[in-house]
Amino acid sequence: MPGKLVEAIRSDDEGVLITTKTDAFGFISLPTPGRPEFVLQIFRDPIGARWRPPSEAAQAPRPTAEPAEAAEPTSEAVPVQGSGPAETQLPPESGVPADRRPFFAVPYSVRTEVAPPGDVAVSDEAPVPSVPDASGAQVPAPVAASPERTGEYPASSALRFRAQNRTADEVKFAELAGPFSGGAQVVDASPIPGSDGSMVGGHVAPPPGAVQIDPGFREQTQESDGFQAVPGDPSHQEGMAGDLAAPPAVVQGAPPPVLSPEEAAQVAEQGPAVTVEPLAQEAPAPEALPEPESETPASIRERELAEQVQDAQSLMFSGKLGEALPLFEDILRQPEVPLDIREETLYAVADIKKQLYGHDLSGHFGEIAQAFIEAMNANLQSTRVPSSLLNLGLLNLQVNNFPEAKAYFKVLQDNYPDDDNIPSISYYWGEYYYRRGEYLKAADQFQYLIQTYPEHQLAKPASYYLAQSLNRTGFVEQAYQIVDYIDKRWPDYYMENMEFLRLAGGVEMALEKWAQAKDHFFTYYNLNPESEGADVVLARIGDIYLHLGEKDAAKQIYERTVLEFPTKEGGLVASMRLAEEGIYDDPSMMDMVSVFDRPYNLRPERIYQQIVEQFPDSPLAPVAQLKLAMWYAFNRQYPEALGAAQDLIEKYPSSPLVARARSLGDSVFALAVPGMVAEERFGRVVRYWETYDFIGQEDTKVDDAVILQVALSYSRIGKPEKALELIRPYLVPEQKPGVSDEALGLAVNIYLDQLAWKEIADVVEMARTNWSLSPERLRQFEYARAMSLQNLGEASKALVMWAELAKDVKVDPAFRAYAMYYMAKSAMEEQDLRRVFVYAQEALSLLLQTRGDPEKVKDAVLMSIYATERSGRYEEALKWAREYDRYIDVGNPEWASTRFKLARIYRKAGAMDEWKQLLSDIVEKKPESLQAQLAKSALDTYELEQKAQQYAPAPR
């Protein structure tokens, strides 16, 4: 597969031909022991553009110096020692080690040839270095005596050069080896004009044969006090070491947090853990050769301690920290340990504890912090004090002790402003914010670091995390600037951190830089097809091909992704793309309806569920969750659709799709309620209304009719107050056609159930006065008002209304039943037996038809019994008495009294056998009741009467 640099790869019988897109590249062969593979790494390298075949390099004329008369220099440039080829003439790689050029890790502008170790014969014809004397004339430069060269490099602990108290700006790369050690001479740090008119400084003198600097210009620049660069000045950016551009300022950048007054007071109350004194600048003592001494007991003991330290260090460096710690602690327990050994041991103990307990800092915070404080207090003039302050600040930061962390960092900054650990403060703050998800704060810290310390070793990872932070906060344009900066400044950074390729590809995809994104993703996949993120990367490549209109290529990539990663995120994403036949990462219901309406070999519902359940942290998980809700809504699975929408809101509250999920859920609820009410699933309606907070909010699809149905559901499940709360806004003088009437009807029914007669009278009177009501509605409200008047004790006013309702056959049968009932009750009070019987019969019929109140049904039967009995129609009375007996069982408190009345009617009708049977039942089933005693007494009396008749004289 092609990459960023490789255009094509072709193999034949003679080998493999690799065609690159540019000649500015380099390559190395990577060993693969034990595997029959040949791995070639190709990387971007501008020096590669200078390479020529050996034949062309041999024919090319070497540059020569201009004649002395052509220029009038006041001083000659010091030639570069050694006879190797110039940097512009790179020789081809050869199998002979002597032909190889060293690989440098410094900017191109200061790369110089390094002479090999060993004796080097100086040719008589070689130019002798010269320097100007006080008068300006050239005199031979003094040559230091060369030490005897053995061909071996000094030990790693040996002193390579004398340390000088000079800042980094005062020491250039080429000066480290000395002015005449084979490197190029460094000219004064004076500004000289560049090719574009800008001023640059601190460049290496040109090689022999180059054009010399104009003397007038040199005199002018020597008078300058030095070039002072202003941050952000383009000239300063171009004049950086190695001619590298300054990092882009994509965000404001902020220095590390400082102590607030409250935090400073808190730290002051606790007292300082350690008092740090800056390193004293003492004049170096004159070196003197030590006089040989014979070993003393003290020196022997010191040597033994040193050997113990070395043994412990060996264990420590081999990773056996648990075994090394007791050895170091044993050294500290010994008396009179020399200061240097004690210091070394204390720092070793602190480092070991930090590594051993790094997984549980909160549990061992005091132990680790105390170890570093003790090590630091052992020698406050030690060069290790800054790193200890940094460790203490980092330790407090990791356990959220912000005042203490800021205090330690401040001590480090105040006492060691030039220490190499200072940039780490910004890095650790940025890392802390990054891990907490506070990406904007993290970006400020990383930006400050790379702008203030662009050459620091942490600038590279800081740039990566800055790009990540910007990308995660949506600042994609700024993230791309940082990605581009990393790509150009550290072309091989992806070999250290392959995730950079994924980041770069994702940022470029967001900016629709399809070609660049495809190159980054292909490079990531080609380097390691089995890496953790290879599945997602391959799916993204398919997406890129779709955006480029290459559907066949995209389909091949998707199918390969599904084949190689069937259960991973990338495989599921590819399956989703194949099922939907496109990219729908910003779905709307209208788009998805057209997608869902197609015939599928693979149900997208299953793919959505797998992405959500198996990869909930994926960027596509919210998309899959929303599509799942849309799928359910499309298939009229409304409960599942509501649940899926709510899951998206709860799991991904910061997702931009939340608003779309809320709108979808609101629409689904509005569609689902009418069907659920028709099926009398009132409890489910209420549960949805109370569970999903997105229902009925801004721009809702839930209209007044749906709210009335929710109120009805509340009333049917026994929550009338909730129902009244929902409909109360509609019970106002300003009528809403089609809504206010329904709300009033529901309110009246609720008030009837609650026997709230005054509320009924008030609300109906308000509606009659202010609203325009249909005749049907008016009759309903008249009934309610009549009922309220009846129960408020105004029976005479109510009777008029009952009469109007009773004679109107268009009135609801339930209303007419109540009207007839109350008219029968009124006739009972007047003892109008005919009207009592007529109204009671009509009321009974309507009540049975409408399944009315059972108590009123029994009352209507009793009124019929009363009317027929009092009028002497005992047969009819017995019929209604038997009817009444059907509504009462033995457990009813009225059973005994009802049976006693029925027995009395039977006796009046002459049915003595039935009379005796009813009384016997009362005595047997309710022996403790009053009716049982009366029944027993009546039976005894009847028996005596029958016996007395035996002695009565016969009729004459």
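Predicted model: local features only at pLDDT ≥ 70, side-chain atom pairs only at ≥ 80, totals over all residues.
Local features require pLDDT of at least 70 and side-chain atom pairs pLDDT 80 or more, whereas totals for chains, interfaces and linings use all residues. Residues are numbered from 1 along each chain as its sequence is written, and side-chain values use heavy atoms, with hydrogens and water left out.

The protein contains 39 helices and 8 strands, assigned as DSSP runs (helices H or I, at least four residues; strands E, at least two) and numbered from the N terminus. Of its 956 residues, 38% are buried (under 20% relative accessible area, 1.4 Å probe, protein chains only). Among contacts (heavy atoms within 4.5 Å) with a separation of 6 or more, 57% link residues 24 or more positions apart.

The largest nonpolar core comprises 137 residues, and Phe669, Ile727 and Trp802 touch the most other members. Such a core is a set of buried Ala, Val, Leu, Ile, Met, Phe, Trp, Tyr and Cys residues joined through side-chain atoms within 4.5 Å. Leaving aside residues up to four places away in sequence, Ile727 touches Leu708, Ala711, Ala743, Leu746 and Ala747. A second, separate core of 79 residues includes Phe372, Leu412, Ile422 and Ala442.

Strands E1 (residues 6–12) and E2 (residues 15–20) pair in the antiparallel sense over 6 bridges, pairing being assigned where DSSP finds at least two bridges. A hairpin through 2 residues joins E1 to E2, and Val6 stands opposite Thr20 in E2.

Note on methods: Buried < 20%, exposed > 50% of the residue type's maximum accessible area, 1.4 Å probe, protein only.
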